[in-house]
Amino acid sequence: MEHQLTELDLNLLSHENHVTRRNTLRKISGFLSKPASQLSSIASPDLLSRFYTQLLRMLSDPWDTCRERAAEILLKMCEVVNEISIGHLIEHIKPKWVPRSSEKSEETRLLHLRILICVLQRAQPSDASTPVPPSMQLAAFFQEFVDVFAQSGADRFKEVQKATCQGVVLLCRSCPQIVSSHARTLFSALIGSIRHSQRAVRIESLRAIDAIVTACASGGDLWDHIQ
């Protein structure tokens, strides 16, 4: 049993002592460092799903170390767990980008975006003619992704700006048919990065702009949305 996650571990994530929560997060992180093929031996699918839900709640933990570690684990889960609920994910991440209640830690903000990027990467079609898998349901949450990138694009942390650009590229490739109605907002999100002093950030922003233009042009209504 010592080689598995248990109900006790799940309950400890809600413990009033932040050190207990932090140590439990460290234990969970160690388990998830194993290959994806071994996940079934770590915990049942139902228990993993409940850990996922609790970890999402911990993005609002009062201790920054717990928030950051929870975000790190969620990123790992997004990489290896087959069924990830985009709705629950965006529901907990989006509020972290609302002005006045945003996450204070730069590294944790970056982790939030890396989680979204991971979801978008997994949703990419295998070729231009393959639709986005219905299970990912990206189209239903397109506006939420746009709202997050609109805020993260104004972040002063250069890595967050670069991640925003990468996220915009993936979002445009995932649902090109929806991009045109959000083009103005997406272009605005890139203003900070296109003017950035560092060349690497400006290059990422150009890639994002190219992705927006390409998606809009495929629908034949580019100029209606960017003038």
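Reader: How confident is the predictor in the protein chain?
Author: The mean pLDDT, the predictor's confidence in each residue from 0 to 100, is 85 for the protein chain, and 84% of its residues reach 70 or more. Over residues 128–132 the pLDDT is below 50, and beyond near neighbours in sequence this stretch has six contacts in the model, a contact being heavy atoms within 4.5 Å. This is a predicted model, in which local features need pLDDT of at least 70 and side-chain atom pairs count only at pLDDT 80 or more, while totals for chains, interfaces and linings use all residues. Residues are numbered from 1 along each chain as its sequence is written, and side-chain values use heavy atoms, with hydrogens and water left out.

Reader: How many helices and strands does the protein chain have?
Author: The protein chain has 14 helices and zero strands. Helices (H or I, at least four residues) and strands (E, at least two) are DSSP runs, numbered from the N terminus.

Reader: What makes α7 mostly covered?
Author: Twelve of the 17 residues of α7 are buried, that is, under 20% relative accessible area, against over 50% for exposed and in between for partly exposed (1.4 Å probe, protein chains only). Among them are Arg109, His112 and Ile117. The buried residues of α7 pack against α5 (64–80), α6 (86–93), α8 (142–152) and α9 (158–174). In α4, the buried residues include Phe51, Tyr52 and Gln54. Across the protein chain, buried residues make up 46% of the 227 residues.

Reader: What makes a set of residues a nonpolar core?
Author: The term denotes buried Ala, Val, Leu, Ile, Met, Phe, Trp, Tyr and Cys residues joined through side-chain atoms within 4.5 Å. The largest such core has 70 residues, and Leu89, Phe145 and Ile212 have the most contacts inside it.

Reader: Which residues does isoleucine 212 touch?
Author: Not counting residues up to four places away in sequence, isoleucine 212 touches Val168, Cys172, Val179, Ala183, Leu186, Phe187 and Leu190.
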